[in-house]
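Please read the following report alongside the sequence and the three-dimensional view. It goes from the whole chain to the sheet, then to the helices and to a few single residues.

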Amino acid sequence: SEILPKFKIQNVSHGKMETLQLLGVQNSSVFLCNRTIWVEGITDRIYIRRFLELYMTKKTQKKVYEDVDYAFIEYSGNNITHWSFLDTEDDEESDCPEEKRINYKAITQNIFLITDRDKGKEQRHEKLKKYLGEKQYYCFDSLEIENSFSKDMIVAIVKKHFKPECNTESEQWSQLTKTRPETFETRKLGKLIYDKLGPELGKTFYKKKGSGTIKDKMKFCKVALELLKDFDDLSDEQKGLTEKIYDFIAQKA
């Protein structure tokens, strides 16, 4: 008598590609995330990941998963000009205008691009906003992501960073705490802290002859993450950005 074939059907864990390889399935068919979040560097990625976690917990929103529903891409500062976000090859701000830009649409069309508010780059920001639209582009109101924290959070990060070395009764500390909130948003944060606390303590955050930003952004980030326990710990700007990103991801999550 004829022997009928038997089949066993079972779920394959996410990330297990052996079965798909046997079937000849290409990566581009099934493994691209629905959405990509483009950020300048590693700390931006770490902060935004935490912002989303806090948002989903606080608002009891449907959970979205990194590397499934969305993925981060780091474009590394001025390297943004190497990408074809504006569909033009005559970008006067590029350091290699004669070369063909990298076509981001070959990777994914569903992008959310985040940029720092670099001085002198206002024209580029306006072009990106016009081309990508408000649902896919965000330029910080503050200078960069560290500046987007509230004054109270920045002061708390500095205090926790120093621990016992921080004398909160000193005149230097008073100068920092009396600084207007908008100053924290618009000044290079490393140099601002250095100027207020003086060379003895300020050198921890600012390297002379540097860009003026936080010297060790990763350490600053780690301290910030220890203090970020609730969505309400975020500033109004960070909350607004997080909601925009979540809505962008959740469209097809």
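**Overall make-up**

The model shown here is a predicted one. The secondary structure of the protein chain comes to 11 helices and 4 strands, and of its 253 residues 42% count as buried. When contacts between residues at least 6 apart in sequence are considered, 68% of them join residues at least 24 apart.

**The sheet**

The 4 strands form an open sheet with parallel pairing, in the order β2-β1-β3-β4. At the edges stand β2 and β4, each with a single partner strand, so one side of each is left without a neighbour in the sheet. Neighbouring strands of this sheet are turned against each other by 15° on average, with direction ignored. Helix α3 packs on the sheet, where it touches β1, β2 and β3 (111-115), and the direction of α3 makes about 155° with that of β2.

Strand β1 (residues 35-39) pairs with β2 in the parallel sense over 5 bridges, and Val39 stands opposite Glu74 in β2. Although β2 is an edge strand with a single partner, 4 of the 5 residues of this strand (residues 70-74) are buried, so β2 is largely enclosed by the rest of the structure. In the loop between α3 and β2 lies Asp67, a residue that has a positive phi of about 70° although it is not a glycine.

**Helix packing around α3**

Two packed helices are described by the angle between their axes and the distance between the axes. Helix α3 (residues 42-58) takes part in the two helix pairs set out in the table, which gives the axis distance and crossing angle for each.

| Helix pair | Axis distance | Crossing angle |
|---|---|---|
| α3 (residues 42-58) and α10 (residues 217-227) | within 10 Å | roughly 10° |
| α3 and α11 (residues 236-250) | within 10 Å | roughly 80° |

In the pair with α10, whose axis crosses that of α3 at roughly 10°, the two helices are therefore roughly parallel to each other. The contact is made by Ile42, Thr43, Ile46, Tyr47 and Arg50 of α3 together with Lys217, Met218, Phe220, Cys221, Ala224 and Leu225 of α10. The residues of this contact of α3 with α10 divide into 8 nonpolar, 1 polar and 2 charged.

In the pair with α11, the crossing angle is roughly 80°, and that makes α3 roughly perpendicular to α11. Here the contact is made by Ile48, Phe51, Leu52, Tyr55 and Met56 of α3, and by Gln238, Thr242, Glu243, Ile245, Tyr246 and Ile249 of α11. The residues of the contact of α3 with α11 divide into 8 nonpolar, 2 polar and 1 charged.

Within α10, the residues Phe220, Cys221, Val223, Ala224 and Leu225 are buried, and what covers the buried residues of α10 includes α3, α5 and α8 (189-197). Among these buried residues, Phe220, Cys221, Ala224 and Leu225 also belong to the contact with α3.

Is Glu144 buried or exposed? At 7% relative accessibility, under the 20% cut-off, Glu144 counts as buried. The side chain of Glu144 makes a polar contact with the side chain of Lys217, at 3.1 Å. Leaving aside its neighbours within four places in sequence, Glu144 is in contact with Asp116, Thr213 and Lys217.

The other residue, Leu132, lies in helix α4 (residues 122-132). Leu132 has a relative accessible area of 9% and is buried. Once its neighbours within four places in sequence are left aside, Leu132 is in contact with Tyr104, Ile111, Leu113 and Tyr137.

Technical notes: Residues numbered from 1 in each chain as written. Heavy atoms only, no water. Buried < 20%, exposed > 50% of the residue type's maximum accessible area, 1.4 Å probe, protein only. Polar contact = N/O pair within 3.5 Å; in protein donor to acceptor, adjacent residues only side chain to side chain. Contact = heavy atoms within 4.5 Å. Axes fitted to C-alpha atoms, helices over the stretch in contact; angles between N-to-C directions. Parallel < 35°, antiparallel > 145°, perpendicular 65-115°, else oblique. Nonpolar A, V, L, I, M, F, W, Y, C, P; charged D, E, K, R; others polar. Pairing = 2+ DSSP bridges.
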